Amino acid sequence: MRRERVDGHKFENEFRNTMEPHYYLQRLHTMNTGYAGLTQPADFILYGHAVYYLELKETSKDSFSLSSIEQLAEIEEFCDKRKHHVGVPLFYYVIVHFIEHETIKVIEADTVLALVNARKSLRPDSKIGFEFKSLKEFREKFIL
């Protein structure tokens, strides 16, 4: 993986290139409409044994504040609606690449909200969520 400067678009492309040969992956394009409050629910929807909404983030810092992500309202809505959902399993994960630590942390939507409510940031060395050293390891070891 890259150890260059933070570049979310490169990380998204690396993710797509790693996952697409193995899964059906739908990219939700970033809305550049200029209207405040209009966002996509996530960067990708992955179809595997379930439906996964995946939001990718990248940082060069030692922590990542989840309270400032644009998709926070969508994550809250997802968690609320999932409580009443029956049928195919639905998941929402935020995937954070800590570029300086060569670490990828993967956390579920409920954990995102718990961290936001506790006013805590995600750290690369925290025991929260799942940890991987590469996107390939994520693809091979994470059950999708």
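Predicted model: local features only at pLDDT ≥ 70, side-chain atom pairs only at ≥ 80, totals over all residues.
Reader: How many bridges join S1 to S2?
Author: S1 and S2 are joined by 4 bridges and run antiparallel. Within that pairing, Arg27 has Phe44 of S2 as its bridge partner.

Reader: Which residues of S1 are on its covered face, and which on the uncovered one?
Author: Leu25 and Arg27 form the covered face of S1, whereas Tyr24 and Gln26 form the uncovered one.

Reader: What is the order of the strands in the sheet?
Author: The order is S1-S2-S3-S4-S5-S6, in an open sheet of 6 strands with mixed pairing. Strand S1 (24-27) and strand S6 (130-132) are the edge strands, each pairing on one side only. On average, and with direction ignored, neighbouring strands of this sheet are turned by 25 degrees against each other. Such angles are taken between axes, which are lines fitted to C-alpha atoms (for helices over the stretch in contact), and run from 0 to 180 degrees between N-to-C directions.

Reader: Which strands does H1 touch?
Author: Helix H1 (residues 8-19) packs on the sheet and touches S1, strand S2 (44-47), strand S3 (51-59), S4 and S5. The direction of H1 makes about 140 degrees with that of S3. Contact here means heavy atoms within 4.5 Å.

Reader: Which residues of H1 are buried?
Author: Phe11, Glu12, Phe15, Thr18 and Met19 are buried in H1. Buried means under 20% relative accessible area, exposed over 50%, and partly exposed in between (1.4 Å probe, protein chains only). Seen down the axis of H1, these buried residues fall within an arc of 130 degrees, so they line one face of the helix; the arc is that of the directions from the helix axis to the C-beta atoms. His9 and Asn17, on the other side of H1, are exposed.

Reader: What do the buried residues of H1 pack against?
Author: They pack against S1, S2, S3, S4, S5 and H4.

Reader: Now H3: which of its residues are buried?
Author: In helix H3 (residues 109-117), the buried residues are Ala109, Val112, Leu113, Leu115 and Val116. They line one face of H3, because they fall within an arc of 160 degrees when seen down its axis. Their cover includes helix H2 (72-82), strand S4 (90-98) and strand S5 (103-108). H3 packs on the sheet, touching S4 and S5, and its direction makes about 95 degrees with that of S5.

Reader: Which residues have the most contacts inside the largest nonpolar core?
Author: Phe15, Leu54, Ile95 and Phe138 have the most contacts inside this core of 20 residues. A nonpolar core is a set of buried Ala, Val, Leu, Ile, Met, Phe, Trp, Tyr and Cys residues joined through side-chain atoms within 4.5 Å. H1, S2, S3, S4, S5 and helix H4 (135-141) give two or more residues to it. A second, separate core has 19 residues, among them Ala42, Ile69, Val94 and Val96.

Reader: What is Phe138 in contact with?
Author: Leaving aside neighbours within four places in sequence, Phe138 is in contact with Phe15, Met19, Ile95, Val106, Phe132 and Leu144.

Reader: Where does Glu102 lie, and what is its phi?
Author: Glu102 lies in the loop between S4 and S5 and has a positive phi of about 50 degrees, although it is not a glycine. Most residues other than glycine have a negative phi. Glu102 is partly exposed, with a relative accessible area of 36%.

Reader: And Arg119: buried or exposed?
Author: Arg119 is exposed, with a relative accessible area of 79%. Arg119 lies in the loop between H3 and S6, and has a positive phi of about 55 degrees.

Reader: How many residues apart in sequence are Glu100 and Ser60?
Author: Glu100 and Ser60 are 40 residues apart in sequence, and 5.5 Å apart in space from C-alpha to C-alpha. Glu100 is found in the loop between S4 and S5.

Conventions:
Residues numbered from 1 in each chain as written. Heavy atoms only, no water. Pairing = 2+ DSSP bridges.
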